[in-house]
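Q: Please take a close look at a single part of this model, namely the second chain and the surface that meets it. I would like one connected account, with the cut-offs behind each term.

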Amino acid sequence: MAPSGVWDAMNNFEFTTLIGLGSVAAGFLGALTGLGGGVVIVPMLVLLFGVDIRYAAGASLVSVIATSSGAAAAYVKEGYSNVRIGMFLEVATTTGALSGAFLAARLSSSIISIVFGLVLLHSAYLSFRARHSQSEAGSPDPLAVFLKMDASYPTPSGPEQYHVRAVPLGFGLMVVAGAISGILGIGSGAFKVLALDRAMHIPFKVATTTSNFMIGVTAAASAGVYLHRGYIDPGLAMPVMIGVLLGSLLGVRSLVRSNTVLLRLIFTAVIVFLATEMIYNGFTGGL
Amino acid sequence: MAKSKGSWTDKQMDSIIASILQGGVVLAALVVLTGGGLYLFRYGSALPDFRVFRGEPSDLRNLAGIIADAVLFRSRGIMQMGLILLIATPIMRVAFCLFAFLRQRDRLYVLLTLFVLTLLLISLAGGLK
């Protein structure tokens with residue numbers, strides 16, 4: 001049900017303005033809920049504006065790099081992120097991202113649309129699961145010690161030590177996270193946090209900030225492939241990048257004041273709706 | 001971790017990384033906005049065409065072409081240049097980490113970082129399509 005008619009009459013100026021405004025909203029909600037703006041950018045462009053999914057993925061991927069890098073300053077002040085965990089796992093995410101970007105060119109738009117819908121549903125489900133966040137004491141994992149991953153993070157009662165676990169499982173999950181990012185043009189932050197928090201038992205705050213660091217590098221790996229394949233259109237990427245960046249900065253600022261439970265509920269409802277549409281369109285070939 | 005002289009603490013590394021990322025994003029956004037303003041001024045009343053995938057013209061797909069277009073003050077080239085600066089921002093961060101691990105004489109992490117940096121540069125240079 002790709003819309004037509006209405007959009008045919010629109011010129012570049014109107015198109016850019018509307019996409020810019022939509023991207024501000026996506027970035028804002030993405031930052032408030034912690035799901036990132038990327039997950040709604042692609043469905044918005046494809047379903048609402050009738051953009052081809054390859055151009056949509058290119059513009060989304062670029063906006064992912066912008067928000068990830070833009071948010072870093074706020075995180076660094078807190079001193080949570082772990083450079084070594086991030087760098088080690090980036091070996092996995094960049095390898096996965098390049099394989100994903102390679103695969104993206106060989107999959108039909110319908111398949112990509114269905115995969116996108118399923119990943120959306122999964123991230124909606126994740127956003128409602130309780131955080132793990134419990135860093136239990138215990139003997140350190142020899143592999144994590146060898147990789148110098150164990151560290152401490154600031155808490156109200158002083159720095160607290162944590163031990164990283166299940167390094168091979170975490171590495172494997174990061175290859176998958178990278179591949180999803182490369183196929184769909186999203187940051188797959190929810191999945192990365194899941195791997196860091198649940199599988200590797202990294203404290204939640206450290207997991208989210210380290211994931212944010214990794215998202216930018218992962219996206220940069222696929223972005224090169226996307227660029228050379230002609231997926232990145234500057235006229236489309238411009239309002240998306242600027243819009244999502246503005247929206248996410250506003251979202252991070254207002255994070256403390258707003259009713260995030262209600263917003264999360266609304267955002268999740270939107271995501272479930274978009275996911276269903278993407279899957280439906282994939283099956284009917286209506287893209 | 002032993003702090004030999006000349007090597008940064010993890011906290012100093014964090015703050016340098018933050019400056020690289022922030023600076024890169026701000027610079028990229030300014031270039032994209034400059035190109036975007038010019039683009040809308042010149043082609044604002046033209047009709048958009050994203051419905052059917054054709055792929056970008058070859059000059060907007062590689063670094064040399066994008067730089068050439070930007071120098072000629074073509075609006076799409078300038079925007080694409082801004083996007084290249086954005087893609088380069090996390091790559092700069094990885095390059096900085098390589099430098100930092102070298103100073104810490106952390107051979108394992110130098111190798112890991114070198115691997116990531118190589119993948120990123122090959123991808124950006126168009127070695128993998």
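This is a predicted model: local features need pLDDT of at least 70, side-chain atom pairs count only at pLDDT 80 or more; totals for chains, interfaces and linings use all residues.

A: Residues are numbered from 1 along each chain as its sequence is written, and chains are lettered from A and ligands numbered from 1 in the order in which they are written.

Chain B holds 4 helices and 0 strands, helices (H or I, at least four residues) and strands (E, at least two) being DSSP runs numbered from the N terminus. Read from the N terminus, the elements of chain B follow the order α-α-α-α. The C-alpha trace of chain B spans about 60 × 30 × 25 Å along its principal axes, and its radius of gyration is 19 Å, whereas a compact globule of 129 residues would have one near 14 Å. That radius is taken over C-alpha atoms, and the globule rule is 2.2 Å times the number of residues to the power 0.38.

Of the 129 residues of chain B, 40% count as buried, a class that requires 20 or more other C-beta atoms within 10 Å of a residue's own, with C-beta atoms placed from the backbone (exposed is 12 or fewer, partly exposed in between). Two residues are in contact if their C-beta atoms, placed from the backbone, lie within 7 Å; among the contacts in chain B with a separation of 6 or more, 59% join residues 24 or more positions apart.

The contact between the chains takes 51 residues from chain A and 56 residues from chain B. On the side of chain A that touches chain B, at least two residues each come from helix H1 (12-33), helix H3 (53-78), helix H4 (83-104), helix H9 (204-228) and helix H10 (234-253) of chain A, and the largest share, 10 residues, is supplied by H3(A). By class, this side of chain A has 31 nonpolar, 14 polar and 6 charged residues, where Ala, Val, Leu, Ile, Met, Phe, Trp, Tyr, Cys and Pro count as nonpolar, Asp, Glu, Lys and Arg as charged, and the others, Gly among them, as polar.

As for confidence in chain A, its mean pLDDT (the predictor's confidence in each residue, from 0 to 100) is 84, and 88% of its residues reach 70 or more.
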